[in-house]
Structures are given as structure tokens and as C-alpha cells.
Amino acid sequence: MKILVCLKQTPDSTVRVKVAADGRSVDPSGVTWAISPYDEYAVEMALERKDADPTTTVAVVTVGPARSKDALRQALAMGCDEATLVDGAAAETLEGLAVARALAKVVDEAKPDLVLCGRQASDDDQGLVGPALAELLGWPHVATVTKFAPAEAGPPGGTNGIDVWKEVEGGHEVWRASGAAVLTVQKSEKEPRYPSLPGIMKAKKKEIPEKDAGALGIEANAATLETVKMEPPPARGGGRILKDGDMKQTAAELVRLLREEAKVL
Amino acid sequence: MKVWAIVERSQAGIRRVSLEVAAKAKDLGDATVLEVTGVERYSSLAAVSALANEAAAGAPDLILIGATPTGRDLGARLAARLGWAYASEATGVSVEGSNAIVGRTMYAGKVRATVRAALPAVVSVRPGAFAIPGGAAEPQVKAVAADGRAERLAFQRFEPTAAASGRVPLAEARVVVSGGRGLRGPENWKMVEELAGLLGAALGASRAVTDAGWRPNEEQVGQTGRTVTPDLYIALGISGAIQHLAGMTSSKVIVAVNKDPEADIFKVADYGVVGDLFEFVPAFTEEVRKVKEKG
């Protein structure tokens, strides 16, 4: 089975995000970049399949600026087989639908059996690229996936299709895809693996081919969505702290405050 | 200005977020409320195909849908099918000329943004973002039959999470009670459940707790889990990692209980209790029971 994982490099989720002076973008100074968390789960999910069936190959692709190569390198070090960067001036500011168009071109060339994406990128939080890519390819997609496996009735290798576990309210639905599909990943079964030292050495030497978004026919100027303002969320705090008291009295006092002051009980 | 609201139904009737979206559509213009019918389990292709045909005929300017897991999935693919602008998890929507002005969070809640979406557009709306006017009649709903011929996936079965049935869905809950590592083990969730039951609340959890397997993943609140915006969020034994805070900091009122007075959760709490939650929670539950019984 040939799997393609689409990923995005975003600010590491443990860092604070500062709004830039222009008031409509994020200040990149001091930002540590990483694979977007859901995309990292997607990489792990693909590699778990490769662990189970070594004939599986896992390729990764991203659309973004040159720094995104580090994220691809990280994925290679985790165990992915090959990586492609779609960059160029046009790739810097593409919105979701245009990113999906660029990815669709890569899929047309690479011809994977299965495409995995994170359910949303941790920067814009849109959750558009996965479903939009499936739409452009004319493939079905399954969202909020936590697991997939060769269809139970089928032979190993998944040629009879795959069963896909979709997280929904109250449990999981299992869906069968008999042909190519896009899965948007909620979480992998295991935490994403750390790259091994040999993995890191191997990844360093690997060639990462670059494709120019403009050359793929992708244009940035057709934007239908424009960010006009960014601001930090309103500051909270200055809350009332109850301590040192008898817990029974504290509980009664809190119930009173929630009823009379906050009016939420 | 033609505005469509797509609604979802649960066993109890039209979902609350759908009523919010329908009310907002009416505010914004000439509203039509639609529901995809004829499928037991939602899957995108049959619904998108039916709605895209409907949109081609009806030519709405704006389609609103509740940002439930289904709504976000459907909204994104429908926008791609139509080639329209798309914005997800809106907390505010207005129209200015030929654009929708959408308020939404980015970076998992660390940034609030205003975006301009060129109409026509599809916008998914975060539960709790808009009020349902008091005394409003249930909207008239136009049924749109799902296009079964477009389906390409085959439903196999449903695997329920143990003991999850009948719970309030996390994303839409007006009260959330969340537990963290301070609860020391899954066996201590009984008291969390009891309190949540009294409050009609959904259960949430910190990532440490879902990663440890104490609670199911779907209860995780924060960056790689759910973003919640209830009227009341109660954090029990949660220290407040930045990823957790991002997912709950837009709640209206936050209560935190933790024995460490330096815990980061207190920086966002409206009411903080420094103390032993094993003493506090049972006492608090009793006090809540008293006022609930009085009515």
C-alpha cells in the first residue's frame, strides 16, 4: 500500500503566539516550528501501518515556505520514505482551497492508494484542506479518524479496501472504503514516535525534491478569505481565590457566588 | 440576502446549535432552514451532493451550519464542491456589502481573528456563539433528501464508548466538568460524574488523563481535543497547560479547584479553590444538590 501524508509546519503548540505589529498576522520572531499536531498523528498512523506491513510506503508532502523542509525532514527521520516540498512565492500565502489544489496535483503524480491529513492545522484551525482535497480528487473522505486497517474480509495488504474508525459523539463508526480515500486524522493509536538516531542520519542525506506552486498552475491571487484583524484573546484573571477555609464552607460560598454573582447556577 | 441554515437533529429533536444557527440566519436576511434527510448515518458525499444541487437551484448568498463534527465536515466539503469561500468555527457573523465578516479563533484559541469571506460563502458556527431568542417558535424545516447514489463508503458498525450513552455532547454543553491528573486515577471519576449529572454537564478531561487511558479521547479538552465555550467550566485537578487553556479559555465562567496555589489554571479562573478536591468536590456536590432541590 502506498500512503501519502499531507502535513503543515506550524508554531509549536507549547509556545505562546504573539500578534505582529500589523495587527493581522502572527509575529514569527521567537517561534519554534513543528509538524502540526494532528498531522503528526497522521504520520504516526501511516507508520503504524508500515510497521504492520513492511511493503507499505509512506511519502509526505507539504505546501509552504522553505522552512517547512524541517518538518518534512522530521517526518523522514520518524521513518517516512520520501518527501516533497511545494514552495515558491505563491505557496507562502495560499488559502485552504488553493493548498488542496496544489496537493491534488501531487496526488495525481504520486498515485497513492490512501491520503492522510490532520483534521485541521493548528494555526488557522480551518479543517478545510482534507475534505477539499478529497473533493478535488473525486474521492470519498472520512473525518476524525483514529484508526484504519485492511478490511476484515480482505487479504493482508488491504487490496480489498480498508476499514476506518471515525470518532463520533459516544463512540466510533466503522466505515469501509473499497478504493482510494482521504482520511483526516483525529489521533493515532500510539503517541507519535521520536526519530531514532539512524533515522535522523538517514533523513539528513535524503534529497527533498521541490515543486514550484506557480509552475503547478496554483495562483495566490484568487483569495476568497482575507484576515483583516488579529488580536490576543481578552485577558482573564483577577479571579476570586477561596482558600484556607473549611471545605464545606468554601463549597457553600462558591455555590452562593455562582448563583448570585455569576448567575450560572 | 439569501441565507440558508442547515440543521442537524439528535434524538431529542433539532440540536441546540442548529436553532442558534437558524436564528442567526433569520437575523441576517431571508432565511431558509434545511435538513438533509434519509440517511441514518451521516457521510459527506450523499449530503454534499444533495445540498450542492439545492444550492445551484436556490442560489443562496450564505450557508450557515453548526460547527459540530458533522457540520464542520459537511461545511468544508460543500464549500469545496461549490468553490465558495469557507470559514470554520465562527463566533460572530455579519454581512458588509459582498462579504461576510467572520469572527473566529485561530492557533487553538490563542488568537482572535476577524476574516473577510467573499460571498457566496459557507460558514460553520461555534455552538453557543449566538442566542436563541426567547419564545421563538421551532423553525420550519425544508427536507432535502440525501443523494444515496453519490455514496462511496459502506457503513459497517457502531462501536459505543463504554458508558457514554445519554451524555451531553461536549462541544455543545452549557456546563462542562473536567478532571485532570489531580484525581489520581480513573476510579475517582465517580464523583466527577455525580457532579456533572446534577449540573446537566458534559464530562471533559485534560490530555494527561486521556493519554493515560483513564478517560476516552473524545473527552479531551484543549489543543488536540475539543474547544469548548460553555457558560460554566469547572476544572478539577487540572494544572492548566497552555494547550488545555487554549481549549477552554473562552468559557463564560471558569471555576478551578487545585491544591497547588501556583497552578496556571488559576490565571484564567473567575473562581479558584485552593484545596484538596477529594474534600471539596463531595461538599460542593451536596451544596449544588441543595439548591437544585429547592429549584
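## A salt bridge between the chains

A salt bridge is taken here as a side-chain nitrogen of Lys or Arg within 4 Å of a carboxyl oxygen of Asp or Glu. In this predicted model, Lys187(A) and Asp211(B) form such a pair, with their closest N and O atoms 3.3 Å apart, and because the cut-off is 4 Å, the pair qualifies. The contact crosses from one chain to the other: Asp211(B) belongs to helix H5 (residues 207-211) of chain B, whereas Lys187(A) sits in the loop between strand S10 (181-185) and helix H5 (197-205) of chain A.

Between chain B and chain A the count is nine salt bridges, while a search of the whole structure, over all chains, finds 39.

## The interface of chains A and B

The interface brings 85 residues of chain B into contact with 81 residues of chain A, and the area buried between the two chains is about 7500 Å², of which carbon and sulfur atoms give 55%. Polar contacts are also counted across this interface, where 56 residue pairs, both members at pLDDT 80 or more, are in polar contact. On the side of chain B that touches chain A, the residues divide into 40 nonpolar, 21 polar and 24 charged.

## Strand pairing within chain B

Strand S6 (residues 85-96) of chain B pairs with strand S9 (residues 121-125) of chain B in the parallel sense, over four bridges, and in this pairing Ala87(B) stands opposite Val123(B) in S9(B). S6(B) is also joined to strand S7 (residues 99-106) of chain B, here by six bridges and with the two strands running antiparallel; in S7(B), Ile101(B) is the bridge partner of Ser94(B).

S6(B) and S7(B) together form a hairpin with two residues between them, and in the turn Gly97(B) has a positive phi of about 60°.

## Domains of chain A

For chain A, the domain assignment gives domain 1 as residues 2-212 and domain 2 as residues 234-265. The centres of these two domains of chain A, taken over C-alpha atoms, are separated by 44 Å.

Terms used
Residues numbered from 1 in each chain as written. Chains lettered and ligands numbered in written order. Predicted model: local features only at pLDDT ≥ 70, side-chain atom pairs only at ≥ 80, totals over all residues. Heavy atoms only, no water. Domains from an automatic or database assignment. Contact = heavy atoms within 4.5 Å. Buried area = accessible area lost by both parts, 1.4 Å probe. Polar contact = N/O pair within 3.5 Å; in protein donor to acceptor, adjacent residues only side chain to side chain. Nonpolar A, V, L, I, M, F, W, Y, C, P; charged D, E, K, R; others polar. Pairing = 2+ DSSP bridges.
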